[in-house]
Amino acid sequence: MKFAVIVFPGSNSDYDAFHAASAVVGEQASLVWHKDTSLGGADAVILPGGFAHGDYLRTGAIARFSPIMAAVSAFAERGGPVLGICNGFQVLLEAGLLPGAMVRNRRIKFVSRIVPVRVEVTDTPFTSACSEGQILHLPIAHGEGNYFAEPEVVETLERERRVVFRYVGVDGQPSEAGNPNGSVHNIAGICNDARNVVGLMPHPERASEPGMGSADGRVVLESAVRAFSERVAAGRASA
Amino acid sequence: MTMRARVYVTLKPSVFDPQGRVVADALHTLGYGDVRDVRQGKFFEVELEADDRAAAEARVAEMAGTLLANPVIESYRVEVL
């Protein structure tokens, strides 16, 4: 399986994602510059964390107009799995590939720590190897991770089970105390209606080996590999 | 001809503005107890070539809706000088 990691000027988790996909999970990975127009035959795309274009104007607002984003949108439209991590999630929101927007963290502070995150659904390509309700300890590092959407949009996300990850407290339940940034409904990650595009603020790629304080995030990319294998097997069966 | 336009971008009323809240708190600390609320926004000055005011306004409104503001959380107002 081949991962493409998009590199924007200001990305800083691009090599983390590349390392997690290649060295940790053991698949092929390539770095794709934002001015490229082709994903090079990738089977999954990762928009990494960082501060693309210095977060000027709004987080992700300039990056969404990068030339590679046309290819990413077309790939997503065809059902290709796309994962946006942190700044990558913000880019997906600005690009309209996911609904809602990010505003400043409730208490204006840049929050950088490992938090418990609950996997809400397993029918996405990035959670298929998880169990529902599984708690992952993942690092967050953001100043604008306060997820906002109009109430009717949030209601749709909940009804269609498109909240993929939720911030929880130490008891595993979503609570005010377990909400690090003020996100509505403790939302840490969501998917699109076709469920192939997933965005989350926590960094699974930075928690994929025991030496990193948590290896819980590894399952996110392992899910992508499993989903890919199943797709290939299904393709063979129908051929 | 060269025209100038101003674009004001503000968070929609339904969106909580943590920055505005912090500024309001600071003003209270400074003794401005009469401050009820502060909302922080963005201000752009755009210089562009346009045939007339109407054309400039339409053009800048398009820019505001596409890039300068995020319609999910913000609204904008365009003024041609």
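How many bridges join strand S1 of chain B to S2(B)? There are 9 of them, and S1, residues 2-11, runs antiparallel to S2(B). Hello everyone, let me take that as our way in.

A quick word on ground rules. This is a predicted model, where local features need pLDDT of at least 70, side-chain atom pairs count only at pLDDT 80 or more, and totals for chains, interfaces and linings use all residues. Residues are numbered from 1 along each chain as its sequence is written, chains are lettered from A and ligands numbered from 1 in the order in which they are written, and side-chain values use heavy atoms, with hydrogens and water left out.

Back to chain B. Its 3 strands make an open, antiparallel sheet in the order S2-S1-S3. Strands here are DSSP runs of E with at least two residues, helices are runs of H or I with at least four, and both are numbered from the N terminus. Two strands pair if DSSP finds at least two bridges between them. Strands S2 (41-49) and S3 (74-80) of chain B are at the edges with a single partner strand each, so one side of each has no neighbour in the sheet. From one strand to the next, the twist averages 20°. Angles are taken between N-to-C directions, from 0 to 180 degrees, on axes fitted to C-alpha atoms, for helices over the stretch in contact. Contact means heavy atoms within 4.5 Å.

Now over to chain A. Here we have an open sheet of 9 strands with mixed pairing, in the order S2-S1-S3-S4-S11-S10-S9-S6-S7. Strand S2 (28-33) and strand S7 (135-142) of chain A are the edge strands, each with a single partner, so one side of each is left without a neighbour in the sheet. Inside the sheet, S1 (residues 2-7) and S3 (residues 44-47) of chain A run parallel and are joined by 3 bridges. Phe3(A) faces Ala44(A) in S3(A) across that pairing.

Helix H3 of chain A, residues 87-94, is mostly covered, with 8 of its 8 residues buried. Buried means under 20% relative accessible area, exposed over 50%, and partly exposed in between, using a 1.4 Å probe and protein chains only. Just after H3(A), Gly96(A) has a positive phi of about 80°.

What about the cores? A nonpolar core is a set of buried Ala, Val, Leu, Ile, Met, Phe, Trp, Tyr and Cys residues joined through side-chain atoms within 4.5 Å. The largest has 69 residues, and Val72(A) and Phe165(A) have the most contacts inside it. Apart from it lies another core of 15 residues, including Val7(B) and Phe44(B).

Finally, where do the chains meet? The contact takes 17 residues from chain B and 17 residues from chain A. About 1,300 Å² is buried between them, with carbon and sulfur atoms giving 67%; that is the accessible area (1.4 Å probe) the two parts lose on being put together, summed over both. The rule finds 1 salt bridge across this interface, a salt bridge being a side-chain nitrogen of Lys or Arg within 4 Å of a carboxyl oxygen of Asp or Glu. The side chains of Arg58(A) and Glu74(B) meet in a salt bridge at 3.7 Å, N to O.
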